[in-house]
Amino acid sequence: MAIIHPKLSQLRLSPLNQRHVKPSAIESMADDIDAHGLLQNLIAYEEDGLLWVFAGGRRYRSLKVLVKRKRVKLSDTFPVELRDKSEAIELSLIENEQREDMHPADRIRSYGALRDTGMSAEDIAARSGVAVSFVYKMLRLSALAPSLIALIAKDQLSLDAARALTLTDDHDQQVKVCKAANGQAHTIRRMLTTEKVATTHGAFLFVGREAFEAKGGTITPDLFSQGDAGYADQPELVQEMAEEVLDGIAAEYRAIGWHEVRAELDRPHDLCMKGSIYPATREPTEAEAERLAAIDAEIEAIAEAEGEDSDRIEPLTNERDAITEGLRGFNAEQVAIGGVALWVSHDGSLGKSFYRAMAEPKPKATSDGPTPLYSNSLFADLSRIKTQIVQEAVAADSALALDIMLDSLAGQLLHGAHSYQMALEVQAKMVATDVPDELMATSDVRPVEETMATRFASVPVKGRFEAIRSMEADDKMALLAGLVAMTVDGTVFAGGSPGIRHHHFEQIARASGVDIAARWSAPIGLFDKMRRAAMIDLLHEECGAPSADNCASIKKKADLAVNVSGRLPGNWLPAPMKIGAFDQPERNPGDYDPDMDGDGIEGVEDDQTADDEMV
């Protein structure tokens, strides 16, 4: 008995395998293999130069389905246990006539019991005829709380959800999270990784696992993902290391003399508005020209003697390309007026763009005006949180919802206002208020659309009008309030300016009577997203110079964020989240609306001068 790794093209389905399955089952297994890989090897015997699969027919058929989907190639190799044909006949009879597939819960329990007797994963794999990696995953599931394994046995907890729960070893937390997430795998995974960074995240890939662990970083493995994926337990360390690497690269460009160098973790949103500059091509030096001519002559001679597909041509072509690429570069004039933007791409590579920067020196902040505290993207997130809270209040007040809808209709139909100027656009467009989880760590505010989906889940798609007509008046008004609330919009685009719509939103927020500070308080995640200088300025404003000066010497940004959070009053709110923050003088409907302009606003950083923090 030996495990070999032949190509899929060498395999055939043995006539000894008489198991018949529905096409839907094959498709489902193909999906599982595509997501998790082939967890259990095939079993085959050799005859006439081919390998005939007699155990694992469904897996073999599923692999052929993946070939049609172009997810697997016939040249790909897979583990196959090689047996004699005489032995295959006996095993095939056992599998097809006597054996039933074990329920996942039974397999989880049995593997756990075998481990408790002292058997290793390798021993269990050999005894069960499955891949060692599969045993490891079953053993991981066996470490779940017994009550959760019981739910698996009753088919009340999916394996996807169970796999997500293995991200923590705490049984109490497993049970608590499972209940809170209602058994939804993606929600469980999000709840257990709120304060972690996936090892597939661009910033982590940019830093590198080896460097991260060398700095003392730890990783929670995700055994049910492809490869060695998992979650970095110290996201602040990932951020600091990524910023450090970016700053080092930026320093190299500054040393060259570029007019402006911007290093941010995320790609700057305003690059599309800047004119790109491209490297100029210079004439080759005498030595370079001679070498290029020699390479061309050598390539031509080899092609004539050995053919154009000769292996000797490729190194010469690569050398020629390297010389040619070296002729391209930015000249002194371009560097003097040019800008360089550096960021971390989603795949962990260094993003880079060269553009024409403004030649005028940037104005420095003076005591005559407020110092910007929040980057454009953070300001936008705060406006979304504020919108969520006001939406929640509107959904609880059907009379207010009716007034809002009437005001929007009257403003547009009687007074000629534009729909974009209203905090409520009378159209079926749900306002996106998603923000990073770390900004909602201290709040239990739920998006109104989630509450509505639960409360009115019984409203049918077919026959909806009749169902609404037959509703009780209170239910009908609650439905109205929730639907109106879902379209109330007080969000500000990153880099945008509050306008008439936001002024209208402030009127709604006041009318709702909502206490923003009672529904949300500033989490540590907010200060993690602010620049060091902005946090010190904030302490100056809110707590005075002595408090700010005491914190100015704190070296680590994460420690500074904790100190700032602890010194601010308990009911403190960032300026964008205060009721009245977007108040403006009343305008006529036809007046110019600054909400349609892209200029920055007071208290918000221009992204050209401040780095957005990692989300």
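Lys 70 sits in the loop that runs between helix H2 (57-68) and strand S5 (80-82). Helices here are DSSP runs of H or I with at least four residues, strands are runs of E with at least two, and both are numbered from the N terminus. This is a predicted model, in which local features need pLDDT of at least 70 and side-chain atom pairs count only at pLDDT 80 or more, while totals for chains, interfaces and linings use all residues. Residues are numbered from 1 along each chain as its sequence is written, and side-chain values use heavy atoms, with hydrogens and water left out.

Lys 70 has a phi near 65 degrees, a positive value in a residue other than glycine. Its relative accessible area is 76%, so Lys 70 is exposed. The cut-offs are under 20% for buried, over 50% for exposed and partly exposed in between, with a 1.4 Å probe and protein chains only.

Asn 182 is the next residue. It lies in the loop between helix H9 (171-180) and helix H10 (185-192). Phi of Asn 182 is near 55 degrees, a positive value in a residue other than glycine. Asn 182 counts as exposed because its relative accessibility is 63%.

Now Ile 152, in helix H7 (residues 146-153). Is Ile 152 buried or exposed? Its relative accessibility is 2%, so Ile 152 counts as buried. Leaving aside residues up to four places away in sequence, Ile 152 touches His 103, Ala 105, Ile 108, Leu 144, Leu 157, Leu 159 and Ala 162; contact means heavy atoms within 4.5 Å. Ala 105 and Ile 152 are 47 residues apart in sequence, with 5.8 Å from C-alpha to C-alpha.

Next, a helix pair. Helix H19 (residues 448-455) packs with helix H21 (residues 473-487) at an angle of about 150 degrees, and their axes are 9 Å apart. Axes are lines fitted to C-alpha atoms over the stretch in contact, and angles run from 0 to 180 degrees between N-to-C directions. H19 and H21 are therefore roughly antiparallel, given that angles under 35 degrees count as roughly parallel, over 145 as roughly antiparallel, 65 to 115 as roughly perpendicular and the rest as oblique. From H19, Val 448, Glu 449, Met 452 and Arg 455 meet residues of H21 including Asp 475, Leu 479 and Met 486.

Finally, the whole chain. The protein chain has 27 helices and 13 strands. Of its 615 residues, 42% count as buried.
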